[in-house]
Amino acid sequence: MHADRNFDFLAHFKSLAVAAERPVEWQDVTATSFLIGYLKGEEKERHMYDAMVTTLDNFKNLDELGRAQCLHPYFSAVDYVTDQRCFSLLKGLLWVPWLQIPPSLNDKYSKFLVEVALRRMSLMELVVQACVRNFRPYDPEDPVSDLNRQYWLAHSTLVSLNRCTQSAEMVILRALQRRPHHSLDCPVILNHLRNQITVGEYLFAIRGAVWAALTDQLIEMDALVTKCYKDPEFGAVDARNFFIYSDELVMDTTLPEKVLDLMTKLDACMVTVFEYIAVTMNKDLPNYPTWVHLGPEMEILDLLADSFSLCLLKSRNTHMVAFIWLYVCVLSEPRTIDLWLNNLWRFTVDTARTSADQGRCQSCVGYLGAVVARATFISTGMAFEWLRKLKDWLMEYVEAQAKLSSPVLVNHGNYYAITEAFMLIFCYHYVDLMQDTEYWEMVNGWNIRLFIYCPLEPLKFITRPVAETFHIIARNLNVIYNPDGYQFDATAGTVLTYTSFFPLGRFHLPESFVFFKDYLRVFSPRGDERTLFDPTYKKPGTELQEEVTQDESTAEEEPGTSIEAPLDYDWTTIEEVDPRAPTSSESASSESIESVFSD
């Protein structure tokens with residue numbers, strides 16, 4: 001099932017209003033004479049005015065006839081209601097519970113709101129705020145049909161207001177940017193998010209800005225969750241998340257209750273965004289989201305361009321919001337994916353960027369490396385082309401720096417970020433590249449040691465887990481060769497002169513994880529390399545061979561016999577050893593583990 005484009009929101013609201021109408025009889029009177037007397041300062045009308053304001057405050061306690069008689073007289077008295085001396089009355093009329101308004105008055109009430117908003121800009125902001133306030137339920141237990149009527153009353157008012165004046169767009173956008181606090185109940189946040197997406201469908205001109213405000217809200221929640229997962233040993237956005245041999249969902253149930261509650265809210269919001277993307281890109285879902293109504297068609301990556309450049313690139317302490325763009329790429333055509341990756345690359349290497357944009361440039365290459373490394377829709381050929389493109393840039397950069405007398409370390413942030421992306425892509429794709437003889441021969445001919453063992457020392461000044469994992473794999477495959485050897489000292493990876501960023505690591509939200517779990521590539525090195533930085537790993541068939549060897553040695557050695565040392569052995573060199581101390585091989589293995597997985 002697919003949603004129809006160019007959805008007529010106003011017609012849909014009118015159909016809801018007609019279907020919900022119930023005949024209510026009241027006296028057709030106006031409040032014009034009453035308000036004229038009040039504005040003249042007459043005592044009787046002043047008491048009536050105070051009583052009417054009190055009645056509006058208790059609007060939900062009235063019966064349906066009382067509510068109709070309370071609202072209807074003011075619909076024809078807009079000129080007097082909008083007077084500054086009647087502000088408390090107008091505020092009461094705008095802030096009554098919209099769910100309690102009689103359905104037969106919905107259309108007239110919407111027209112009343114539009115007429116009030118068109119009087120002056122300050123009143124337009126007040127009306128728009130009232131509409132946005134009704135994007136959320138007053139009570140989560142209210143029936144869905146009644147809530148839909150409340151939501152569509154707000155949407156129809158905004159649609160009509162936008163048709164009357166184009167200045168309403170920016171007023172609506174400012175109101176949407178005042179998002180509900182993350183401490184509110186999940187239904188409040190979720191319904192506000194869905195209605196915010198709907199606003200972007202019929203206000204096409206500000207759709208990108210609406211999504212930027214929406215993304216900013218998700219980033220705020222994501223940053224709070226990521227902060228709780230991030231610790232000195234194993235951070236949520238740490239590079240070590242990329243070198244785990246399983247992508248199973250990990251939920252830390254020991255977190256505080258407030259954090260788990262926030263994760264539930266973020267999970268529900270992410271599911272809402274994924275549902276919208278799936279419907280927009282015509283992907284079938286098991287349960288079709290009936291809340292989605294699509295406006296004019298727009299390329300999804302173009303829609304999210306402002307959100308990505310203005311919000312996500314500046315937020316490097318987030319982890320889960322980045323998967324929205326991965327899911328968009330999953331459903332996009334290869335041409336669109338290649339275009340997006342090339343845009344990231346051009347933004348990274350653009351020499352016209354100011355120093356203030358260096359962080360965003362390095363975040364771009366972080367996303368580029370993460371997508372090419374982790375996404376299963378990236379073919380071996382595409383990964384090879386990106387490795388070659390990164391290699392060519394690094395070679396040219398190193399050659400250019402070699403001509404300088406004294407290069408400055410702080411200016412090489414892009415170089416280190418691109419080197420890190422190259423290593424990450426290589427670690428994830430080298431097994432597939434080895435299976436293609438043509439690709440692997442070209443990789444061996446690149447002579448990448450020229451920018452690995454160069455005076456800029458990338459192995460020392462990039463994130464240590466990435467540098468050590470790449471170095472172990474590349475040295476074992478003879479892709480790089482250093483006759484003098486290379487040892488990582490204690491300062492390696494401790495001083496970073498660039499923005500090290502690792503999106504698309506491990507995910508912690510169960511409901512939204514199902515949308516893209518089949519599109520993530522797991523770090524799967526060959527057995528020969530995995531045994532070098534994972535001593536606990538045993539290659540298939542190794543256990544059986546060890547058992548056979550152990551049985552043979554046990555059969556040859558008889559009880560009571562001992563092994564004699566060679567006659568020429570110098571016994572004076574024997575030192576007394578503590579039996580509880582680890583052997584040299586054990587200490588070497590532990591040092592290897594600590595060196596690979598230490599910051």
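Is Tyr481 buried or exposed? The close-ups below, all taken from a predicted model, begin with that residue.

View 1. Tyr481 sits in the loop that links α24 (464-476) and α25 (510-513). With a relative accessibility of 53%, Tyr481 counts as exposed, because the cut-off for that label is over 50%. Look for Arg449 and Tyr453 here: Tyr481 touches both, leaving out residues up to four places away in sequence. Arg449 is 32 residues from Tyr481 along the chain, yet their C-alpha atoms are 6.8 Å apart in space.

**View 2. The largest nonpolar core.** This core brings together 118 residues. Those with the most contacts inside it are Tyr276, Ile324, Leu341, Tyr415, Phe470 and Phe516. Its top contributor is helix α20 (residues 413-435), which supplies 14 residues.

**View 3. Leu341 and its contacts.** Setting aside neighbours within four places in sequence, you will find Leu341 in contact with Leu368, Val371, Val372, Ile378 and Trp386.

**View 4. Helix α20 meets helix α21.** The axes of α20 and α21 (residues 437-444) come within 6 Å and cross at roughly 125°, so the two helices are oblique to each other. The crossing of α20 past α21 is left-handed. On the α20 side, Phe426, Tyr430, Leu433, Met434 and Gln435 make the contact; on the α21 side, Thr437, Tyr439, Trp440 and Val443 do. Sorted by type, the contact residues of α20 with α21 are seven nonpolar and two polar, with no charged ones.

Terms used
Residues are numbered from 1 along each chain as its sequence is written. This is a predicted model: local features need pLDDT of at least 70, side-chain atom pairs count only at pLDDT 80 or more; totals for chains, interfaces and linings use all residues. Side-chain values use heavy atoms; hydrogens and water are left out. A nonpolar core is a set of buried Ala, Val, Leu, Ile, Met, Phe, Trp, Tyr and Cys residues joined through side-chain atoms within 4.5 Å. Buried means under 20% relative accessible area, exposed over 50%, partly exposed in between (1.4 Å probe, protein chains only). Helices (H or I, at least four residues) and strands (E, at least two) are DSSP runs, numbered from the N terminus. Contact means heavy atoms within 4.5 Å. Axes are lines fitted to C-alpha atoms, for helices over the stretch in contact, and angles run from 0 to 180 degrees between N-to-C directions. Angles under 35 degrees count as roughly parallel, over 145 as roughly antiparallel, 65 to 115 as roughly perpendicular and the rest as oblique. A crossing is left-handed if the near helix is turned anticlockwise from the far one by less than a right angle, and right-handed if clockwise. Ala, Val, Leu, Ile, Met, Phe, Trp, Tyr, Cys and Pro count as nonpolar, Asp, Glu, Lys and Arg as charged, and the others, Gly among them, as polar.
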